[in-house]
Every structure is written in structure tokens, then in C-alpha cells.
Amino acid sequence: RRPGVTGLTAMTRHTLATNGMIEQTVTLPSNRCVEVVAAAVPSVGDLVIELEDPARHRVAQDSTHRGTESARFCTRYSGLYRYRVRVFSGAGELGVQVIIDP
């Protein structure tokens with residue numbers, strides 16, 4: 001939890017093997033900052049998060065190699081965005097949520 005942010009989507013739980021991936025779409029409003037957050041059990045060594053705009057251009061990606069990751073982006077226009085979360089190393093359960101700044 002962070003003061004001032006709220007969940008734009010419900011937190012979803014998944015169990016993924018190495019190289020397993022989830023892909024979801026989310027409608028984002030214009031001129032707002034959002035963050036895709038994923039947290040996994042310790043047996044997951046590295047998650048990869050990517051966020052694409054409605055034109056399918058990558059606009060954000062995580063930059064570390066951990067089992068807890070986030071990718072932040074401030075939108076210029078509203079639309080249907082797509083995000084992917086992939087287990088790069090390890091396997092196990094993880095939770096994913098999109099949060100939005102006030």
C-alpha cells in the first residue's frame with residue numbers, strides 16, 4: 001500500500017512455471033499515472049513486466065531482476081492498454097494489480 005494510490009483493477013493471483021506468462025488488457029484514462037505491480041513467492045527469482053499502449057508500442061517495462069516488480073507509466077490518452085507479466089526464472093504463485101495515482 002502507498003498513500004494516495006488506489007487499485008484500478010482487482011488483484012489477481014496466478015501460478016506460473018518458468019517462462020509462463022499472463023497477458024491482460026485494461027482501459028486507462030488520459031493524463032493519469034498508473035503502475036502495474038507484481039509480487040511473487042520467494043521461489044520466483046525474476047519477473048518481467050511490460051506495458052503496451054493501444055497502438056501496441058511498449059511504453060513501460062521493469063528494470064530489475066527480482067520477484068517483486070513494477071512498471072510505471074503516465075498516459076497521454078485514454079484507451080485499451082495491454083500488460084504482460086512473465087516468470088523469467090523460478091516458478092510459483094504471484095499476484096498482479098494495476099494501481100492509479102489520484
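Strand 5 and strand 6 pair in the antiparallel sense over three bridges. Two strands count as paired if DSSP finds at least two bridges between them. Strands are DSSP runs (E, at least two residues), numbered from the N terminus. This is a predicted model, where local features need pLDDT of at least 70, side-chain atom pairs count only at pLDDT 80 or more, and totals for chains, interfaces and linings use all residues. Residues are numbered from 1 along each chain as its sequence is written, and side-chain values use heavy atoms, with hydrogens and water left out.

**The sheet**

- Glu50 has its bridge partner in strand 6, namely Gln61.
- Four strands form an open sheet in the order 3-8-5-6, with antiparallel pairing.
- Strand 3 and strand 6 stand at the edges with a single partner strand each, so one side of each has no neighbour in the sheet.
- From one strand to the next, the twist averages 25°. Axes here are lines fitted to C-alpha atoms, and angles run from 0 to 180 degrees between N-to-C directions.

**Two loop residues with positive phi**

- Asn19 sits in the loop between strand 2 (12-16) and strand 3 (21-28). Its phi is positive, about 70°, although Asn19 is not a glycine.
- Asn19 is partly exposed, at a relative accessible area of 49%. Partly exposed lies between buried (under 20% relative accessible area) and exposed (over 50%), using a 1.4 Å probe and protein chains only.
- Arg56 belongs to the loop between strand 5 (44-52) and strand 6 (58-61). Arg56 is not a glycine either, yet has a positive phi of about 70°.
- Arg56 is partly exposed, with a relative accessible area of 46%.
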